Amino acid sequence: MADHMPETRETFQTIADLGDGDEFEGFFAVREARLQTTVNGKNYIRLTLADATGNVLANAWDADREIFQLCPAGSIVKVHGLVETYRGKLQVRVLRFRPAHDSEVEPDCFLPKSGCDITAMQEDLLSLVRSLTDADYSALAKAFFHNPGLMGRFSRAPAARDLHHAYIGGLLEHTLSVANMAACFAEKARVNRDLLLLGALLHDIGKMEELCLGLVIEYSNRGKLLGHLYIGAEMTAARVAGLDGFPVEKLDLIQHLILSHHGRLEYGSPVLPKIPEAFALHHLDNLDAKVDSANRVLDAIPNPDNRWSDFNRALEVSLF
């Protein structure tokens, strides 16, 4: 299965190109790989293949442990496969595959990227930072976003592994969207505009350390152990430690917004929102995440003639 792959084709298909019945070749990142057994006792490999356009389930039949070792999660493989439909969804029957050579691929090509201009988003975010009038909150925001190294990492980071803004630049795009909504909402609502805006800017800052970019987006060990809410609150306290005379109560308030922004204990927040700005941030964050998730589901419908998506477990509905 892993040997003698034909090398005659010069162009390769992406996952977004694949249609039922297609026989194809392409390079893909292995997001997940499991050696499993059929009801007849034969081994096969269950794979999730990914590239910048999406991911697809694949099966390599009649495999053994030696073949399985050629495609560990986090590797890149060249696949010759056949697209099939199973229970209404596309999947791949792997005909042949082999590990990719370093000279054949660029790792960043396998990660999806924001469709927005990164430099323009950075400038818009810094404009919001400049709009803060509270001296303490302004100093804290600048401690984060006026740091070129941190801003570079922040601008490259994804906002999630799967559900929303799960691509390079996703954290910047999501944060900017939530911060813009917070600034607009504060013009009409009885909230502390600077506190809400700073909370929006920092609410997911911990995802810089919770998630890591390799060939695919994965959780770091620290992210799995602590989660981005705790990490973000910790990062904020560390920045405040470098600011002279920052009021303790203001730190408590901004950490409260970070720790409560999931809104419910069962959704991972260790505390519930207890100030108006925390309620507002929770709903603005959820609004942006849900709209992006819904658009991603609709964009992934393989047949444009379909009027409804499959049932989406995260959104708890099928989408029209």
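Predicted model: local features only at pLDDT ≥ 70, side-chain atom pairs only at ≥ 80, totals over all residues.
Guide: Two axes count as roughly perpendicular when the angle between them is 65 to 115 degrees.

Visitor: What makes the contact between α3 and α9?

Guide: On the side of α3, L140, A143 and F144 take part, and they meet M235, T236, R239 and V240 of α9. Sorted by class, this contact has 5 nonpolar residues, 1 polar and 1 charged.

Visitor: How do you know whether α2 and α3 are roughly parallel or roughly antiparallel?

Guide: Angles under 35 degrees count as roughly parallel and those over 145 as roughly antiparallel. Helix α2, residues 118–130, and helix α3, residues 135–145, have axes that cross at roughly 155 degrees. This value is over 145, so α2 and α3 are roughly antiparallel to each other. Their axes come within 9 Å.

Visitor: Which residues make that contact, and of which classes are they?

Guide: Helix α2 contributes L125, L126 and V129, while α3 contributes A141, K142 and F145. The residues of this contact divide into 5 nonpolar, no polar and 1 charged.

Visitor: Why is a packed pair of helices described by both an angle and a distance?

Guide: Two packed helices are described by the angle between their axes and by the distance between those axes.

Visitor: What makes up the lining of the second largest pocket?

Guide: A residue belongs to the lining when one of its atoms is within 4 Å of a point of the pocket. The lining of the second largest pocket has 28 residues, and L163, H164, H262, N286 and K290 lie nearest the centre. Two or more lining residues come from each of α7 (207–210), α9 (228–240) and α11 (276–299). Helix α11 gives the most, with 6 residues. By class, the lining has 10 nonpolar, 9 polar and 9 charged residues. The space in this pocket is about 820 Å³.

Visitor: How much of the chain counts as buried?

Guide: A residue counts as buried when its relative accessible area is under 20%. Of the 320 residues of the chain, 47% count as buried. The chain has 11 helices and 7 strands, and its C-alpha trace spans about 70 × 40 × 35 Å along its principal axes.

Notes: Residues numbered from 1 in each chain as written. Heavy atoms only, no water. Axes fitted to C-alpha atoms, helices over the stretch in contact; angles between N-to-C directions. Helix = DSSP H or I, 4+ residues; strand = E, 2+ residues; numbered from the N terminus. Contact = heavy atoms within 4.5 Å. Nonpolar A, V, L, I, M, F, W, Y, C, P; charged D, E, K, R; others polar. 1 Å grid on protein atoms, 1.4 Å probe; cavity = no way out; pocket = protein on both sides within 12 Å on 5 of 7 lines; lining within 4 Å. Points joined across faces, edges and corners; volume = space filled by probe spheres on them. Buried < 20%, exposed > 50% of the residue type's maximum accessible area, 1.4 Å probe, protein only.
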